[in-house]
Amino acid sequence: MPDEEILALGRALQQPAPLDLRVNSLMAARDAVIQQLAHEGMNVQPTPYSAARHPHRRQSRARRNPLFTSGRVEIQDEGSQLLCNLLAPKRREMVVDFCAGAGGKTLALGALMQSQGRLYAFDVSESRLNK
C-alpha cells in the first residue's frame, strides 16, 4: 500500500467505532425504529444494508432505551448482520452457529427463520454464552 493509504488506514483505526443496532424484524421495522430514535434525540441513520447506525458508541444510553429493553433492537455491528443475511436461513432449516459469543447472530438467525427451525449456538467461551 502507498504510504498515504497506510496513514489514512492508521488514522481511521484510531477512531472509535460507531454504534450499530440490529432491528429485530419479528418485532419492528428499521424505518420505524430510526424514526422513534430520532424523536428521542438520537441521530441514527440507516446503513447501506441492514443496520441503524449512531456515529458515537454510547452503549449505556442505548441499553437503557425501551427499544433495547423490549427486544426490538440489539447492539450488533453491521458486519455480523450481513453474515446472517448472506446465510439467509429459511423456516424449518437447521443452523449451527459455532461462534455464537453472546448470541446476537444467533438471535438474528432465529428472526430470519421466523422462530421456526433448529438453531444451535456454540462458542469456546462458556461465560459469554451464559450471558
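User: Start with H6. What do its buried residues pack against?
Analyst: The buried residues of H6 pack against E1, strand E4 (73-75), H5, strand E5 (93-97) and strand E6 (117-121). Keep in mind that this is a predicted model.

User: How many residues of H6 are buried?
Analyst: 7 of its 9 residues are buried, so H6 is mostly covered.

User: Which ones?
Analyst: In H6 the buried residues are Gly104, Lys105, Thr106, Ala108, Leu109, Gly110 and Ala111.

User: What comes after H6?
Analyst: Gln114 follows H6. The phi of Gln114 is positive, near 55°.

User: Now H5. Which residues are buried there?
Analyst: H5 covers residues 78-87. Glu78, Ser80, Gln81 and Cys84 are buried in that helix.

User: How are they arranged around the axis?
Analyst: Looking down the axis of H5, the buried residues fall within an arc of 160°. They therefore line one face of the helix.

User: And the other side of H5, what is exposed there?
Analyst: Leu83 and Leu86 are exposed on the other side of H5.

User: What does the buried face of H5 pack against?
Analyst: The buried residues of H5 pack against strand E1 (19-23), strand E3 (52-54) and helix H6 (104-112).

User: What caps the N-terminal end of H5?
Analyst: Asp77 does. One of its side-chain oxygens lies 3.1 Å from the backbone nitrogen of Gly79. The side chain of Asp77 also reaches the backbone nitrogen of Ser80, at 3.1 Å.

User: Where does Asp77 lie?
Analyst: Asp77 lies in the loop between E4 and H5.

User: Why does Asp77 count as partly exposed?
Analyst: Because its relative accessible area is 43%. Buried would need under 20%, and exposed over 50%.

User: How far is Asp77 from Ala17?
Analyst: In sequence, Asp77 and Ala17 are 60 residues apart. In space they are 9.3 Å apart, C-alpha to C-alpha.

User: Next, Glu78. Buried or exposed?
Analyst: Glu78 is buried, because its relative accessible area is 8% and the cut-off for buried is under 20%. Glu78 lies in helix H5.

User: Which backbone nitrogen lies 2.9 Å from a polar atom of its side chain?
Analyst: That of Ser50.

User: What else does Glu78 touch?
Analyst: Leaving out residues up to four places away in sequence, Glu78 touches Asp20, Thr47, Pro48, Tyr49, Ser50, Ala51 and Arg53.

User: Which residue follows H5?
Analyst: Ala88 follows H5, and its phi is positive, near 50°.

User: Zoom out. How many helices and strands?
Analyst: The protein has 7 helices and 6 strands. From the N terminus on, they run α-β-α-β-β-α-α-β-α-β-α-β-α.

User: What are the dimensions?
Analyst: The C-alpha trace spans about 50 × 40 × 30 Å along its principal axes.

User: How much of the protein is buried?
Analyst: Of its 131 residues, 33% count as buried.

User: And what about the accessible surface?
Analyst: The accessible surface comes to about 8700 Å². Carbon and sulfur atoms account for 54% of that.

User: What share of contacts join residues at least 24 apart?
Analyst: The share is 59%, among contacts between residues at least 6 apart in sequence.

User: Last one: how many positive and negative side chains?
Analyst: There are 17 positive and 13 negative side chains. The centres of the two sets lie 8 Å apart.

Notes. Residues numbered from 1 in each chain as written. Predicted model: local features only at pLDDT ≥ 70, side-chain atom pairs only at ≥ 80, totals over all residues. Heavy atoms only, no water. Helix = DSSP H or I, 4+ residues; strand = E, 2+ residues; numbered from the N terminus. Buried < 20%, exposed > 50% of the residue type's maximum accessible area, 1.4 Å probe, protein only. Contact = heavy atoms within 4.5 Å. Areas by Shrake-Rupley, 256 points an atom, 1.4 Å probe, with all protein chains shown as cover. Lys, Arg positive; Asp, Glu negative; His and termini not counted. Charge placed at Lys NZ, Arg CZ, Asp CG, Glu CD. Arc of directions from axis to C-beta. Polar contact = N/O pair within 3.5 Å; in protein donor to acceptor, adjacent residues only side chain to side chain.
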